[in-house]
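Dear colleague,

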Amino acid sequence: MHKLAVFTTIALLCHMAMGQDMTKVKQVVGDLSSKAFYGRGYINKGDSLAADYIAHALKQQRIKPLEKSYFQHFKMDINRYIGTPVLKIDGKTLKNGIDWVPYPSSPSVHGKYPLVWITKKDLTHKKALTRLLNQDLKSSFITFDTSVTNNKELYWFARNLFTTQPLLVKGVVDRVKSPKFSARRYLSDYITLRVRREFLSPEVNEIEVELENEFLRDYTSQNVMGFIKGKTDTCITLIGHYDHMGMFGEAMYPGANDNASGDAMILELGKYFKKHKPYYSIQLIFFGAEEAGFYGSEYYVAHPVYPLEKTKLVINFDMVASGTKWTELIHAQLYPAIEKAFVNINDRKNYIEHLKPTGYEATSDHINFHDKGIPALFFWTAGGNEFYHEPGDLADTINYPSFEGIYNLVCEFIETYR
Ligand SMILES: [Zn+2]
């Protein structure tokens, strides 16, 4: 046989054995993190556009919904920002999303405000404290210098003191390495700004801010679901969220790793089990509103479409396209038999280089199933993607070091675990 033909045959066999299609995975991640979905949040119905895309992908893979529709709709309140926000520090305009963001429950604010620096001395020396408490800070922003922020208990005491009546300030400025955005379903009575720390120094004493929020009541979002009938009614549910932060002004949050990667993983696993009828039935759920406090999954467990009693195990995929440091299998230590099964397969096949089973962590949608008494695991990768909840979480910045490993490990686990 010609050398090239041998190589092609071997490459083809390897591809067939592993099954997953990385070209397709990258296409799904690229699509969902593109401008067409507005960051899959609450600007221009980005969340619903992404949900439609996923339902369409399921349909193309001939994966049917369990009931009539792929969607489970729910209503929630959600805070968003409209117009073009502006933050100026000493006349210098900061870049929205890159240099600053509001904490996502912050209300609107317009105008120029004094910025008051609070030090440990201000809080612990009687004279300095008297001076501070005699200032009227109701129309000021405050920030704490490192002598306070390095002391967690003092920081939280002071922060809570100045954000509660009667001392409630206009706002707090958090000086951060990189501003991370999120989404919230409630509104605070003061403003928190997360500002890149190099823009702030004790010499700064005034900030100018234009921020317009819109608090949407009873906003309709949705979960997307598919179902693959196995040889038994007992079900393994594969979950991951599709929502992200949307936009802040002109800044879009692509959420390629978080969590277009998890959506692509579930679609690929669905494709495999559609072709290879599994022993357990497989439910696929793509949750909305995870970034807004795991709300899609909270709604689902209160209104399950498939009986929770028949759900044997839940596996969550959230941020699975990085992993140069390690791949955590969160909650595995809570279920020794399941942990052992995963570790044994991985030891034998070496699918994932740094697989790290860990304990309890309430950091994503799996927690709502765990709270209902259902074993729930969570695959999460670390290292190789520094842009968490930032506009830099782009499709071309991630390189999938353990994506195929996770896919193979989960396929083999589901096929062999009884
Ligand atoms: Zn996430």
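The protein is divided into domain 1 (19–79 + 217–416) and domain 2 (81–214), with bounds that come from an automatic or database domain assignment. Please bear in mind that this is a predicted model, in which local features need pLDDT of at least 70 and side-chain atom pairs count only at pLDDT 80 or more, while totals for chains, interfaces and linings use all residues. Residues are numbered from 1 along each chain as its sequence is written.

**The two domains**

The C-alpha centres of domain 1 and domain 2 lie 35 Å apart. Across the boundary, 19 residues of domain 1 are in contact with 18 residues of domain 2, where contact means that the C-beta atoms of two residues, placed from the backbone, lie within 7 Å. On the side of domain 1 that touches domain 2, strand E1 (residues 71–89) supplies the largest share, 4 residues; strands (E, at least two residues) and helices (H or I, at least four) are DSSP runs, numbered from the N terminus. That side of domain 1 divides into 10 nonpolar, 5 polar and 4 charged residues, counting Ala, Val, Leu, Ile, Met, Phe, Trp, Tyr, Cys and Pro as nonpolar, Asp, Glu, Lys and Arg as charged, and the others, Gly among them, as polar.

The largest nonpolar core has 111 residues, and Val-29, Ile-54, Met-265, Leu-269 and Ile-406 touch the most other members. Such a core is a set of buried Ala, Val, Leu, Ile, Met, Phe, Trp, Tyr and Cys residues joined through C-beta atoms within 7 Å; a residue is buried if 20 or more other C-beta atoms lie within 10 Å of its own, exposed if 12 or fewer, and partly exposed in between, again with C-beta atoms placed from the backbone. Helix H8 (residues 256–275) gives the most to this core, with 9 residues. Because domain 1 and domain 2 both give residues to this core, it lies between them.

Ile-406 belongs to helix H12 (residues 403–416), where the buried residues are Phe-403, Gly-405, Ile-406, Tyr-407, Asn-408, Leu-409, Val-410, Cys-411 and Ile-414. H12 has 14 residues and reaches 20 Å from its first C-alpha to its last, close to the 20 Å expected, the expected span being 1.5 Å times one less than the number of residues. Leaving aside neighbours within four places in sequence, Ile-406 is in contact with Met-265, Val-320, Thr-327, Ile-352 and Phe-379.

Strand E4 (residues 109–118) and strand E5 (residues 141–144) pair in the parallel sense over 4 bridges, two strands being paired if DSSP finds at least two bridges between them. E5 is also joined to strand E6 (residues 171–176) by 2 bridges, and these two run parallel. Phe-141 has Leu-115 as a bridge partner, and in E6 the bridge partner of Phe-141 is Gly-171. E6 in turn pairs with strand E7 (residues 191–196) in the parallel sense over 6 bridges, with Arg-196 of E7 as the bridge partner of Val-176. Within E5, Phe-141 and Thr-143 point one way and Ile-142 and Phe-144 the other way, and all are buried.

Leu-211 is found in strand E8 (residues 206–228) and counts as buried because it has 24 C-beta neighbours inside 10 Å. Not counting residues up to four places away in sequence, Leu-211 touches Tyr-81, Pro-85, Pro-102, Ser-106, Ser-108 and Val-109.

**Backbone points to check by eye**

A cis peptide bond, with omega about 5°, joins Gln-165 and Pro-166, and Pro-166 is placed in the loop between helix H7 (152–162) and E6. The peptide bond from Asp-258 to Asn-259 is cis as well, with omega near 0°, and Asn-259 is found in helix H8.

Arg-40, although not a glycine, has a positive phi of about 50°; it is found in the loop between helix H2 (22–32) and helix H3 (46–60), and its 30 C-beta neighbours inside 10 Å make it buried. Asn-350 also has a positive phi, near 55°, and is found in the loop between H10 and E15, but with 10 C-beta neighbours inside 10 Å Asn-350 counts as exposed.

With best wishes
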